[in-house]
Every structure is written in C-alpha cells, then in structure tokens.
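Biologist: Can you walk me through this one? Please keep it short and plain.

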Amino acid sequence: MPVARVVVDVMLKPEILDPQGQAVQRALPRLGFDGISDVRQGKRFELEVDGPVDDAALARIHELAETFLANTVIENFTVKVEEPAVGAEK
C-alpha cells in the first residue's frame, strides 16, 4: 500500500520575537553570508500516512497540528501533501 507524506510547517507568528532567528541572522555576515535581512526559525513535521489523504484525513491532521504540533497562541502552521519522489516507494 502506498504511503503519502503530509508536511506540517510551524512558524512563529510575525509579531512574535524570534531570538533564534535573530541569532542566526546576526551570525551570517561574520560567516561570509551577506544580503540576508531577516531569518525566522520554525519546525517541520513530516507525517507518513497509510492510505489515501482525502479531506477527512487532512481534517484529522489539521486537528493534530492545531492541538499538538503548534502553539496557536504564538505560532501559525500550514498542512500540505508532499508528492512522492519518482520511483520512491516504501
């Protein structure tokens, strides 16, 4: 049975201070990487789903992200289905 991958990206809301992103942004010029004006740090979750990713499965994953993966007071999240790589099967 094919396995689908659903990706949940979690990021701090724009109005929330991101000290990790700021630390990376300040270090970049010292490391020779100029021209980067802002860095925001986030989290990526890759969920492997058995069976089809239909509307019901996506709604369940959205609920999972909202209640467990993200702190919705300070974070936003997106849920997307990732297309499998050509020739990749489990």
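What follows is a quick chat about the fold, the core and the charged pairs.

Biologist: What am I looking at, and how are residues numbered?
Modeller: This is a predicted model, where local features need pLDDT of at least 70, side-chain atom pairs count only at pLDDT 80 or more, and totals for chains, interfaces and linings use all residues. Residues are numbered from 1 along each chain as its sequence is written, and side-chain values use heavy atoms, with hydrogens and water left out.

Biologist: How many helices and strands are there?
Modeller: The protein chain has two helices and three strands. From the N terminus, the order is β-α-β-α-β. Helices (H or I, at least four residues) and strands (E, at least two) are DSSP runs, numbered from the N terminus.

Biologist: Compact or spread out?
Modeller: The chain is more spread out than a compact globule, because its radius of gyration is 17 Å, well over the 12 Å that the globule rule gives for 90 residues. That radius is taken over C-alpha atoms, and the rule is 2.2 Å times the number of residues to the power 0.38. Along the principal axes, the C-alpha atoms fill a box of roughly 50 × 35 × 15 Å.

Biologist: And how are the strands arranged?
Modeller: They form an open sheet in the order β2-β1-β3, with antiparallel pairing. Two strands pair if DSSP finds at least two bridges between them. The edges are β2 (42-50) and β3 (75-82); each has a single partner strand, so one side of each lacks a neighbour in the sheet. On average, neighbouring strands are turned by 20 degrees against each other, direction ignored.

Biologist: What packs on the sheet?
Modeller: Helix α2 (residues 55-69) does, touching β1, β2 and β3. Its direction makes about 150 degrees with that of β3. Axes are lines fitted to C-alpha atoms, for helices over the stretch in contact, and angles run from 0 to 180 degrees between N-to-C directions. Contact means heavy atoms within 4.5 Å.

Biologist: How many bridges join β1 to β2?
Modeller: Nine bridges join β1 (residues 3-12) to β2. Ala4 has Val49 as its bridge partner there, and Val10 stands opposite Lys43. On the β3 side, eight bridges join β1 to that strand.

Biologist: Is β1 mostly covered or open?
Modeller: Mostly covered: seven of its 10 residues are buried. Buried means under 20% relative accessible area, exposed over 50%, partly exposed in between (1.4 Å probe, protein chains only). Across the 90 residues of the chain, 24% count as buried.

Biologist: Which residues make up the largest nonpolar core?
Modeller: There are nine: Val6, Val8, Val10, Val49, Ile61, Ala65, Leu69, Ala70 and Phe77. Such a core is a set of buried Ala, Val, Leu, Ile, Met, Phe, Trp, Tyr and Cys residues joined through side-chain atoms within 4.5 Å. β1 and α2 each supply at least two of its residues.

Biologist: What does Val8 touch?
Modeller: Leaving out residues up to four places away in sequence, its contacts include Phe45, Leu47, Ile61, Ala65, Leu69 and Phe77.

Biologist: New topic. How many salt bridges are there?
Modeller: A search of the whole structure finds eight. A salt bridge here is a side-chain nitrogen of Lys or Arg within 4 Å of a carboxyl oxygen of Asp or Glu.

Biologist: What about Glu82 and Arg5?
Modeller: Their side chains meet in a salt bridge, 3.5 Å from N to O. Glu82 is in β3 and Arg5 in β1, so the pair ties together parts 77 residues apart in sequence. Glu82 is also the bridge partner of Arg5 in β3.

Biologist: And Lys43 with Glu75? Where do they sit?
Modeller: This pair also forms a salt bridge, at 3.3 Å from N to O. Lys43 lies in β2 and Glu75 in β3, 32 residues apart. Lys43 is partly exposed at 34% relative accessibility, whereas Glu75 is buried at 11%.

Biologist: Which residues are linked in a salt-bridge network?
Modeller: Arg5, Arg44, Glu46, Glu48 and Glu82. Within it, Glu46 and Arg44 have their closest N and O atoms 2.9 Å apart.

Biologist: Last one. Is Asp50 buried or exposed?
Modeller: Asp50 is exposed, at 63% relative accessibility. This residue is found in β2.
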